[in-house]
Amino acid sequence: MRPAQTSWTEQLELWVTLGLCSLLVAIALLATKSVVDLTRAADLQARSHLRIAASTRIVSLLESAQSRRYADLAAGNEPDLPRDAVARVEIARQLSELRRLTSEDAGQSAKARVLEVVADRQLERVGKPVGAAVHTDSQAELALANAVRAIASAIERSEQDSLAARRGQVERQRIRLLAALWFLTAVALAATLGAAWQLHRDVGRLRRDERTLRHAATHDALTGLSNRRDFAGALRRAFRECQGSGQPLALVMIDIDRFKQINDSLGHRVGDLVLRALAARLNDGFRNVDTIARVGGEEFAVILRGLGRDGAYQVADRVRAAIAAQPINPGGVYEGDPVAVTVSMGVAVLAQDAANIPALVDAADRALYGAKQAGRNRVVAAKDAAQGTDLRSA
């Protein structure tokens with residue numbers, strides 16, 4: 001048994017699914033990287049604010065120490081050495097914190113690092129014993145304050161440059177993320193439309209297959225007419241309709257005369273072609289509202305709604321005469337002369353010849369048998385067959 005081959009649409013659905021999964025993974029990685037970058041940027045910005053705060057604190061301590069010293073000098077008091085020592089310790093601690101924060105930032109400018117070295121040297125000068133060198137200490141403090149202010153300015157400029165760079169990086173990441181999301185949306189929409197189209201095709205194919213199976217179950221494969229099973233259902237429906245409306249219902253049974261001779265002399269393939277051509281003749285001869293079925297090898301049946309015995313007899317006899325008047329050309333593999341074909345028909349009417357469906361079918365069969373016994377190529381009604389002798393035994 002050969003394995004079923006997948007269609008290109010099914011393969012497309014597989015690849016689209018794999019592509020969607022890959023895109024989801026890529027977008028998840030991109031989103032994770034964006035979050036990490038944003039977190040790093042926020043951390044760098046926080047450390048920058050801490051550096052600025054530390055430098056501001058150092059400047060404030062220096063300015064406070066200078067202000068107290070100038071006030072002591074103006075008042076003629078001696079400098080408060082313990083107090084200045086405490087201030088220097090706090091300034092040293094703030095510088096150490098600033099140095100630690102700066103060392104964690106790889107993007108800190110070289111200028112700020114040089115200024116930190118200058119600030120350390122000035123702090124050493126400020127820390128020397130105060131005596132006659134009060135003016136020198138003040139100059140050192142002033143140099144230290146200027147160095148720290150320069151450090152703060154360098155940090156701010158560096159922070160602005162870093163923020164601008166990070167802002168551009170974040171914007172590029174946002175654009176990439178949006179582009180990936182839009183692409184994913186487009187692919188998902190295309191996949192949805194493709195799946196819907198494939199579903200529409202599958203539903204259409206299933207409906208066609210269902211119609212094909214239903215037709216095969218209810219129709220004869222050779223002639224395309226209704227088969228015996230469908231004919232039985234149609235006869236029951238016609239019986240109920242006629243009972244409800246009070247209209248007459250007629251049944252015509254048809255048999256091809258001497259069909260065995262056609263099979264024996266021309267072959268079964270030609271016989272099948274004759275059956276097919278005769279079915280087309282019956283379709284053309286009877287009305288569109290009539291139900292025509294093949295109920296046996298060379299036997300056919302027709303349900304005529306709204307016709308009594310006379311009307312059904314006239315329609316059947318007209319069809320019989322048309323078949324007899326024009327020989328059938330089977331076509332196909334047959335290249336001989338047209339085949340002369342005649343049919344015999346039996347007509348029965350519900351309520352006149354029978355009271356129910358089995359009785360109606362039996363009456364039509366007896367009328368057909370009567371037509372065969374009377375010489376074939378004729379139509380016999382059930383009433384006419386009943387008035388004669390027992391044709392079954394004749």
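**Close-up views of a predicted model**

**View 1. Arg258 and its backbone angle.** Arg258 is found in the loop that runs between strand 1 and helix 6. The model shown here and in the views that follow is a predicted one. Although Arg258 is not a glycine, its phi is positive, at about 50 degrees. Most residues other than glycine have a negative phi. The relative accessible area of Arg258 is 45%, so the residue is classed as partly exposed.

**View 2. Ala351 in the loop between strand 4 and helix 9.** The loop between strand 4 and helix 9 holds Ala351. Ala351 is a residue other than glycine with a positive phi, near 80 degrees. Is Ala351 buried or exposed? With a relative accessible area of 71%, Ala351 is exposed.

**View 3. The salt bridge between Asp257 and Lys372.** Asp257 and Lys372 form a salt bridge in which the closest N and O atoms are 2.9 Å apart. Asp257 belongs to the loop between strand 1 and helix 6, and Lys372 to helix 9, so the pair ties together parts that are 115 residues apart in sequence. Asp257 and Lys372 are both buried. Through salt bridges with shared partners, Asp255, Asp257 and Lys372 are joined into one network. The count of salt bridges in the model comes to eleven.

**View 4. The salt bridge between Asp264 and Lys260.** The closest N and O atoms of the salt bridge between Asp264 and Lys260 are 2.9 Å apart. The two residues are four apart in helix 6, so about one helical turn separates Asp264 from Lys260.

**View 5. The salt bridge between Arg309 and Asp353.** The side chains of Arg309 and Asp353 form a salt bridge, with an N to O distance of 2.2 Å. Which parts of the chain does this pair tie together? Arg309 lies in helix 8 and Asp353 in the loop between strand 4 and helix 9, so the parts joined are 44 residues apart in sequence. Arg309 has a relative accessible area of 17%, which is under the 20% limit, so Arg309 is buried.

**View 6. The largest pocket and its lining.** The largest pocket holds about 240 Å³ of space. Its lining consists of 13 residues, and those nearest its centre are Arg228, Phe231, Met253, Val361 and Asp365. Two or more lining residues come from each of helix 5 (228–245), strand 1 (249–256) and helix 9 (357–373). Helix 5 provides the largest share, five residues. By type, the lining has nine nonpolar residues, four charged residues and no polar ones.

**View 7. The largest nonpolar core.** This core contains 34 residues, and Ile254, Phe286 and Leu304 have the most contacts inside it. The elements that each supply at least two of its residues are strand 1, helix 6 (259–266), helix 7 (268–285), strand 3 (299–305), helix 8 (309–325) and strand 4 (343–349). Helix 7 contributes the most, with six residues. In soluble globular proteins, nonpolar side chains tend to be buried together.

View 8. Which residues does Phe286 contact, leaving aside its neighbours within four places in sequence? The contacts of Phe286 are Ile254, Ile292, Val302, Leu304, Val315, Ala316 and Val319. Ile254 and Leu304, like Phe286, are among the residues with the most contacts inside the largest nonpolar core. Apart from that core lies another, of 25 residues, including Met253, Ala301, Ile303 and Ala354. Met253 is also one of the residues nearest the centre of the largest pocket.

**View 9. Glu241 and Arg305.** Glu241 is located in helix 5. Its relative accessible area is 45%, so Glu241 is partly exposed. Glu241 and Arg305 are 64 residues apart in sequence, and their C-alpha atoms are 9.2 Å apart in space.

**View 10. The protein chain as a whole, for orientation.** The secondary structure of the chain comprises ten helices and five strands. Of the 394 residues in the chain, 37% are buried. Among contacts with a separation of 6 or more, 70% are between residues 24 or more positions apart.

Methods
Residues numbered from 1 in each chain as written. Heavy atoms only, no water. 1 Å grid on protein atoms, 1.4 Å probe; cavity = no way out; pocket = protein on both sides within 12 Å on 5 of 7 lines; lining within 4 Å. Points joined across faces, edges and corners; volume = space filled by probe spheres on them. Nonpolar A, V, L, I, M, F, W, Y, C, P; charged D, E, K, R; others polar. Core = buried A, V, L, I, M, F, W, Y, C linked by side-chain atoms within 4.5 Å. Buried < 20%, exposed > 50% of the residue type's maximum accessible area, 1.4 Å probe, protein only. Contact = heavy atoms within 4.5 Å. Salt bridge = Lys/Arg side-chain N within 4 Å of Asp/Glu carboxyl O.
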